[in-house]
Amino acid sequence: APLLQGPGISIEIVDTRVLSPFDSQLIVESVNKTRRLLVVDVGWLSSGFAAEVIACITESIEPGVLKTRPKRIGLPSAPAPTSRVLEDNYYPKVESVVKAVLGLIE
């Protein structure tokens, strides 16, 4: 969040610590306010929790609320690497989150 502070940028971070049962109300309120959605997950993109969050939120908000398509960041659909060189390209980084957020507001 501190890397994104600046003129014209205001973000909300919702940390979903409990996945089951998943309570989407806080995220719905945030999306209704910000009109954008970026989900960062340490799981795989395919069939992961990020996909479930996006599905749940888009089913819960009124059409036209989102200014942009929802985005998600997660692990590629591949087994976890065992070398540090491969890990560096496998796991999401702060820079990729910052870039995705900036892409939502441009």
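**Briefing: a predicted chain with four helices and two strands**

Arg 36 is partly exposed, with a relative accessible area of 22%. Buried means under 20% relative accessible area, exposed means over 50%, and partly exposed lies in between (1.4 Å probe, protein chains only). This is a predicted model, where local features need pLDDT of at least 70, side-chain atom pairs count only at pLDDT 80 or more, and totals for chains, interfaces and linings use all residues. Residues are numbered from 1 along each chain as its sequence is written, and side-chain values use heavy atoms, with hydrogens and water left out.

**Overall layout**
- The chain has 4 helices and 2 strands. Helices (H or I, at least four residues) and strands (E, at least two) are DSSP runs, numbered from the N terminus.
- From the N terminus on, the order is α-β-α-β-α-α.
- The C-alpha atoms fill a box of roughly 45 × 35 × 20 Å, taken along the principal axes.
- Of the 106 residues in the chain, 25% are buried.

**Around Arg 36**
- Arg 36 sits in the loop between α1 and β1.
- Arg 36 and Ala 1 are 35 residues apart along the chain, and 16 Å separates their C-alpha atoms.

**Strands**
- β1 (residues 38–44) pairs with β2 (residues 71–75) in the parallel sense, over 4 bridges. Two strands pair if DSSP finds at least two bridges between them.
- Val 39 has Arg 72 in β2 as its bridge partner.
- β1, helix α2 (residues 49–60) and β2 make a right-handed β-α-β unit. Right-handed means that, with the strands pointing away from the viewer, the path from the first strand over the helix to the second runs clockwise.

**Nonpolar core**
- The largest nonpolar core has 12 residues, among them Val 39, Phe 49 and Ile 61. Such a core is a set of buried Ala, Val, Leu, Ile, Met, Phe, Trp, Tyr and Cys residues joined through side-chain atoms within 4.5 Å.
- α2 gives the largest share of this core, 5 residues.

**Largest pocket**
- The largest pocket has a volume of about 1,000 Å³. A pocket is an open set of points on a 1 Å grid over the protein atoms alone, where a 1.4 Å probe fits, with protein on both sides within 12 Å along at least five of seven lines. The volume is the space filled by probe spheres set on the points, which are joined across faces, edges and corners.
- Its lining has 32 residues, and the closest to the centre are Glu 12, Ile 13, Val 14, Leu 38 and Val 40. Lining residues have an atom within 4 Å of a point.
- α4 gives the most to this lining, with 6 residues.
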